[in-house]
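These are my notebook entries on one protein model. I looked up the core, the helix packing and a few individual residues, in that order.

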Amino acid sequence: QTPFYRRYWILLVFRAAAFSGSATISSDLFHRLVYFVNALMPSVDLRSETARVLKASYGPFFPDYQWDLDRLVGQRLISISNPRWISDDKHFFGKFRITDSGVLFAEKIAFSSPFFSDVERAISELVSAFMAAPTALSSLASGFDANFGQDTIREGETIDFGEWQKENFSTNAADFLFQTWLSKILRG
């Protein structure tokens, strides 16, 4: 669980989004994607890269992911357009896209071990599912999520969905839907 793993993870999110037809991703969409993919990784039997997020007025915000995203821009594996400074978060936000070098680098790591290949496959599937249903990533969507939508957690507080506590309500909801709804469709 190093920053380098998180950077690989970020590259995979952008690679999957690009392959799903969304080459450019805004900062707020990036943070929502990171949130939902992390929250749902346990439902595909993989550990979340992180299981805590800052609840911001505009949705989920991951300061560590933003830091590493900025580093990837500096490494020219991700490019940024329309950057704007957000003083509250002390980061540049903008529109990001993976570069050709970023795609090649992510693929090289994915082919280096079965674990990295499994992570790549899971992130690709989750991101492509969300990109196929854009309303699932709207600014209002995170408010309906079982973890993020808790009204007992205020803006500026950390939402824990598996870092310190064992309960991940988003994964529980996904598992419930699979068991009660999707499994019936697949059987019948």
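**Entry 1: the core**

I looked up the largest nonpolar core, which has 42 residues; Trp9, Phe14, Phe30, Met41, Ile78, Ile123 and Val127 touch the most other members. A nonpolar core is here a set of buried Ala, Val, Leu, Ile, Met, Phe, Trp, Tyr and Cys residues joined through side-chain atoms within 4.5 Å. Buried means under 20% relative accessible area, exposed over 50%, and partly exposed in between, with a 1.4 Å probe and protein chains only. Two or more residues of this core come from each of helix H1 (3-19), H2, helix H3 (63-74), strand S5 (91-98), helix H4 (100-110) and helix H5 (114-132). H1 supplies the largest share, ten residues. I noted the general background that nonpolar side chains tend to be buried together in soluble globular proteins.

I recorded the basis of the values: the model is predicted, local features need pLDDT of at least 70, side-chain atom pairs count only at pLDDT 80 or more, and totals for chains, interfaces and linings use all residues. Residues are numbered from 1 along each chain as its sequence is written, and side-chain values use heavy atoms, with hydrogens and water left out.

**Entry 2: the chain**

I found seven helices and six strands in the protein chain. Helices (H or I, at least four residues) and strands (E, at least two) are DSSP runs, numbered from the N terminus. Along the sequence the pattern reads α-β-α-β-β-α-β-β-α-α-α-β-α. Of the 188 residues in the protein chain, 44% are buried. I also looked up the contacts (heavy atoms within 4.5 Å). Among those in the protein chain with a separation of 6 or more, 70% join residues 24 or more positions apart.

**Entry 3: H2 against H5**

How do the axes of H2 and H5 cross? They come within 10 Å and cross at roughly 125°. Axes are lines fitted to C-alpha atoms, for helices over the stretch in contact, and angles run from 0 to 180 degrees between N-to-C directions. H2 is therefore oblique to H5. The cut-offs are under 35 degrees for roughly parallel, over 145 for roughly antiparallel, 65 to 115 for roughly perpendicular, and oblique for the rest.

I listed Leu33, Phe36, Val37 and Leu40 on the H2 side, and Ile123, Leu126, Val127, Phe130 and Met131 on the H5 side. By class, the contact of H2 with H5 has nine nonpolar, no polar and no charged residues. Ala, Val, Leu, Ile, Met, Phe, Trp, Tyr, Cys and Pro count as nonpolar, Asp, Glu, Lys and Arg as charged, and the others, Gly among them, as polar.

**Entry 4: H2 against H3**

H2 and H3 pack at an angle of about 120°, and their axes are 11 Å apart. This makes H2 oblique to H3. The residues that meet are Phe30, His31, Val34 and Asn38 in H2 and Tyr65, Gln66 and Leu69 in H3. The contact of H2 with H3 divides into four nonpolar, three polar and no charged residues.

Phe30 touches Ile10, Phe14, Ile25, Tyr65 and Leu69. His31 is in contact with Pro60, Phe61, Phe62, Gln66 and Phe93. Is His31 buried or exposed? His31 counts as buried because its relative accessibility is 0%.

**Entry 5: loops and positive phi**

Asp45 and Thr50 both belong to the loop between H2 and S2. Asp45 is not a glycine, yet has a positive phi of about 65°. Asp45 is exposed, with a relative accessible area of 72%, whereas Thr50 is buried, at 8%. Thr50 and Ala39 are eleven residues apart along the chain, and their C-alpha atoms are separated by 8.6 Å.

Asn82, in strand S4 (residues 78-86), also has a positive phi, near 50°. Asn82 is exposed, with a relative accessible area of 53%.

Arg76 is in the loop between H3 and S4 and counts as exposed at 68% relative accessibility. Beyond its neighbours within four places in sequence, Arg76 is in contact with Thr99 and Ser101. Arg76 and Ile98 are 22 residues apart in sequence and 8.7 Å apart in space, C-alpha to C-alpha.
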